[in-house]
Number of protein chains: 2
Amino acid sequence: MSPDHYPSKLLEAAISEFAGLPGIGRKTALRLVLHLLKQNEADVERFSGAMLRLRKEVRHCVVCHNISDSEVCTICSDQKRDHGTICVVENIRDVMSIENTRQFPGVYHVLGGIISPMDGTGPGDLNIESLVEKVSEGGIEEVILALSTTMEGDTTNFYIYRKLNEYPITISTIARGVAVGDELEYADEITLGRSIVNRTLFEASFTNKKAY
Amino acid sequence: MSPDHYPSKLLEAAISEFAGLPGIGRKTALRLVLHLLKQNEADVERFSGAMLRLRKEVRHCVVCHNISDSEVCTICSDQKRDHGTICVVENIRDVMSIENTRQFPGVYHVLGGIISPMDGTGPGDLNIESLVEKVSEGGIEEVILALSTTMEGDTTNFYIYRKLNEYPITISTIARGVAVGDELEYADEITLGRSIVNRTLFEASFTNKKAY
């Protein structure tokens, strides 16, 4: 395809910025920019101001590394939560996903990534030391590893497991199995196999309790 | 679905802004905002600056109403183009699409919309008067109507046709027919019917000339 003809350098610059975002092509970028162009100046100011303020003012919770408006995030400073159970996740998005389930009363620890030699991410690039430190200080009963079911996730799980194994805590991982609403015949063999090995007591399946 | 739990008001504000753009849901907005959050502060400044500058500084060409960085756009000020042939389009995007074909040596006239009683857009909301004025001043040989093949497009075509009919110019519309690369059996009947009625000389089909 020939390069696009832009009637304005300002337009081209704005499109290039949008097209630099993940999953946004130049056609979508053009549509979004033309939409912004039709808005009031105040609306566009609010749009760009929100991005800039977020980038400049947002902080990371000193306890769990989740993003936060204050030094300690709202979850870590909530005394009603179970501070003895830590759920280890890859990123902020995972915290939000788990919070949306309303099934987890504990606190989080955000690694800020996953061990991935392919992407050049080693254990030293992640918030693992602060997790070990937190556990070593005592008061923690369980660490739940809630990472992706990928090679990188498994590697990271195992690395953390070895670091925490010496402490008197329970280390668990989230259940792998057939998704709720899925039909058995469409589940892949590994998932189905795991769901049989890690079966739960039938009674537990509706009381939301673990089988063991 | 329960409302999302955002760990930060700044994050929530930025997500809401992105989610206000057409075709962007809250999940995509979150992904885009987290991407911006990982960039350098200078990159985010450039991003929001580009939007703001575009909105504040962009102008519309006084001749054709296309967006432009100067009073007269680069197309209208290009002396190598055929200023006697005006292609009437709905919006800026259409100008870019036609420019990308590299098949049109003339100039444009951007209506800024299409007659649509459903959306409350009447002829008075569009740049039609300035087109009539341009034609009435003379020097125009042909006006090509390049609007969408919809009821609104046809209505607008007809309205403009009646306004320009008294002047000694050719008024044409872009060809409707089976798209290049399409198989006949998948073309709808109306398109196929039009493509037979408005057939072109075989010779013309490879010399890019009109049949009449």
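In what order do the four strands of the open sheet in chain B stand, and is their pairing parallel or antiparallel?

## The sheet of chain B

The order is β4-β3-β5-β6 of chain B, and the pairing is parallel; helices (H or I, at least four residues) and strands (E, at least two) are DSSP runs numbered from the N terminus, and two strands pair if DSSP finds at least two bridges between them. This is a predicted model, in which local features need pLDDT of at least 70, side-chain atom pairs count only at pLDDT 80 or more, and totals for chains, interfaces and linings use all residues. Residues are numbered from 1 along each chain as its sequence is written, while chains are lettered from A and ligands numbered from 1 in the order in which they are written.

At the edges of the sheet lie β4 (106–110) and β6 (170–173) of chain B, each of which pairs on one side only. Strand β3 (residues 82–89) of chain B pairs with β4(B) in the parallel sense over five bridges, and V88(B) stands opposite H109(B) in β4(B). Helix α4 (residues 92–101) of chain B packs on the sheet and touches both β3 and β4 of chain B, where contact requires that the C-beta atoms of two residues, placed from the backbone, lie within 7 Å.

## Strand pairing in chain A

In chain A, strand β3 (residues 82–89) and strand β4 (residues 106–110) pair in the parallel sense over five bridges, with V88(A) opposite H109(A) in β4(A). Four bridges also join β3(A) to strand β5 (residues 142–145) of chain A, and these two strands run parallel; T85(A) has E142(A) in β5(A) as its bridge partner.

## Contact between the chains

The contact takes 49 residues from chain A and 49 residues from chain B. On the side of chain A that touches chain B, the elements giving two or more residues are α1 (9–19), α2 (26–38), α3 (41–57), β2 (67–68) and α4 (92–101) of chain A, and the largest share, 14 residues, comes from α3(A).

## Two helices of chain B

Helix α1 (residues 9–19) and helix α2 (residues 26–38) of chain B have axes that come within 8 Å and cross at roughly 120 degrees; axes are lines fitted to C-alpha atoms, for helices over the stretch in contact, and angles run from 0 to 180 degrees between N-to-C directions. In their contact, residues of α1(B) including L11(B), A14(B) and F18(B) meet residues of α2(B), among them R26(B), A29(B) and L30(B).
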